[in-house]
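Please read the following note alongside the model.

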Amino acid sequence: MFQQLDELQTGSLYILTGPAGAGKSHLAASARKGGTIWVLDTEGAAQTLRGKRGIHRRIQVLQTLSLRELTAAMESIRTEGKPGDTIILDSISKVFQAMRSYAQQRAGAETNRKATIHYEEHASVNRNMQTLYTELTTLKQAGFHVILIGHLTVQYRADNAGSLRDDGLRVLADQQIAYEADAILLVEREGEERSLTPIIKPPRPAHLSLMHKYPATLASLYPDLAVKEVKEPTRRERRTEEAPQAQAEAAAEPIAGQGQSDETTTPPHLRPVGPPQTIAEAEQRFYARYSAVVGGTSWGDVQRYLGQQLVPPRTTNDWIAAAEQVRDRNQQRNRVA
């Protein structure tokens, strides 16, 4: 029944929020490279994902606003799905608004006008939302990764003078949502660049910090999958990283003398062909070829070998330039010897 702490295997529960068009649904639907993504679509947003780059290849979609169908779908996912799958509820705000609208109707108010709902209706909304959160938390504890998409709104509070005061940002849902989530992440877009910023509450994952901005990528959400990530380059990156084939081939030449790595002795038909396609691939190929020369697999080892304090490479061109420096340094040492 009980388990050691280091034996616990649970999923995660993130809330993605932000302005319309920031790319919340797109990011959520491309957030895992394995398993299945189960989308509980309450806004029809899943249809906009068709044909977009980076979208997960296995997506199952249910379009509904019914609490009964949502809970039944989550029970079905628990039996048909596997730990490591991702569940996306898009959006939690739409579900919350639908429940409040129904409660207003029960209270006899017009749904298109602001009205206070009575205690019984308010308690009904809370019970329904708690049912939803309990199902989602159960899936998380079973090893599923849960992503809730919520609308961003400003919270106001009445002061002693009777006027309203801006009390900060919040997700359009009840207060329980902040307690249940591992992190609430603000997704923003500036041109082609997207970013993630944990807001409202300190995030539980150790790799995230409150109000610190991160790239809106797979590595920011799930660091354990960072080496598997293939990030689509922006137009600016494509322009700056298009190195001539000759330069890439020169950087990939086997180094002279001792210290050749396993990759330099790999049969030609098994070696990578052409320049690296991603930064992760460039880094992997660099250390596969030169780790024995520089004496390790960290950037600190490279700096010590070259005798310089260098900025870590941030593009494929940077890794190619670093490879050329290490190659030239090694050849120079061999000539002196």
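1. In this predicted model, the side chains of Arg-285 and Glu-281 form a salt bridge, with 3.1 Å from N to O. A salt bridge here is a side-chain nitrogen of Lys or Arg within 4 Å of a carboxyl oxygen of Asp or Glu. Both residues belong to helix H9 (residues 279–294), four residues apart, which is about one turn of the helix. Helices (H or I, at least four residues) and strands (E, at least two) are DSSP runs, numbered from the N terminus.

2. Arg-285 counts as buried, at 14% relative accessibility, whereas Glu-281 is partly exposed, at 24%. Buried means under 20% relative accessible area, exposed over 50%, and partly exposed in between (1.4 Å probe, protein chains only).

3. A salt bridge also joins the side chains of Lys-140 and Asp-182 (2.7 Å, N to O). Lys-140 lies in helix H4 and Asp-182 in the loop between helix H5 (176–180) and strand E7 (183–190), so the pair ties together parts 42 residues apart in sequence. Lys-140 is buried, with a relative accessible area of 15%, and Asp-182 is buried at 7%. Together with Arg-204, Lys-140 and Asp-182 are linked in a network of salt bridges.

4. The structure holds six salt bridges in total.

5. Residues are numbered from 1 along each chain as its sequence is written. Local features need pLDDT of at least 70 and side-chain atom pairs count only at pLDDT 80 or more, while totals for chains, interfaces and linings use all residues; side-chain values use heavy atoms, leaving out hydrogens and water.
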